[in-house]
Amino acid sequence: SIYVLHRRKEMPTILENFDHPQMIPNCIERPDSTVSSQALHLMNNMTIRQLADDFAQRIQNEVGTDSYRQVERVFQVALSRMPTDEEKDLSHRTLIALKEAWEKNLNQDNPPEQDNPENADTASTKALANFCHTMLNSAAFLYID
């Protein structure tokens, strides 16, 4: 919220979920707090979902459709580091599982002989967006150690 333009008497709604500082008198120190509304906001807010979709689009534009490279790039952009071997393996398996789930969801109304090849691309994009959304909600992204 450092760069958010707002009036002292009109706080942006998003800051209410994140224990905005009291502006009268000026806030010189803030206690740490984590409440369920913060996590729910990050999981369900449409702006956050759109940011995750844009993040996924950026990753696809930068590295293409190779899921291993996508996982590495997501970690680089979101966490400013490469994934460990364990993180890379788990993330890759998760990305594949998400893609399969999206393919099943997108093709459930179509008989197998009529599968739409465009659904595979859509499934990959949606799976990557879900993965990016998960990274934006991860403790490593939200907290600095």
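Let me begin with helix H5, where the buried residues are Ser-91, His-92, Leu-95 and Asn-107, and let me say at once that what we are looking at is a predicted model. An α-helix has 3.6 residues a turn, so residues three or four places apart point the same way. Helix H5 itself runs over residues 85-107, which makes 23 residues, and from its first C-alpha to its last it reaches 33 Å, close to the 33 Å expected at 1.5 Å a residue.

Stepping back from that helix to the chain as a whole, the secondary structure comes to seven helices and zero strands, so that reading along the sequence gives the pattern α-α-α-α-α-α-α. The chain has 145 residues, and 25% of them count as buried. As for its surface, the chain exposes about 10,400 Å², of which carbon and sulfur atoms supply 52%. If we take the contacts between residues at least 6 apart in sequence, 48% of these join residues at least 24 apart.

Is Gly-64 buried, exposed, or partly exposed? Its relative accessible area is 25%, and Gly-64 therefore counts as partly exposed, since buried would require a value under 20% and exposed a value over 50%. Leaving aside residues up to four places away in sequence, Gly-64 touches Ile-59 and Gln-70.

Terms used
Residues are numbered from 1 along each chain as its sequence is written. This is a predicted model: local features need pLDDT of at least 70, side-chain atom pairs count only at pLDDT 80 or more; totals for chains, interfaces and linings use all residues. Side-chain values use heavy atoms; hydrogens and water are left out. Helices (H or I, at least four residues) and strands (E, at least two) are DSSP runs, numbered from the N terminus. Buried means under 20% relative accessible area, exposed over 50%, partly exposed in between (1.4 Å probe, protein chains only). Contact means heavy atoms within 4.5 Å. Accessible areas come from the Shrake-Rupley method with a 1.4 Å probe; for residues, only the protein chains shown count as cover. The expected span of a helix is 1.5 Å times one less than its number of residues.
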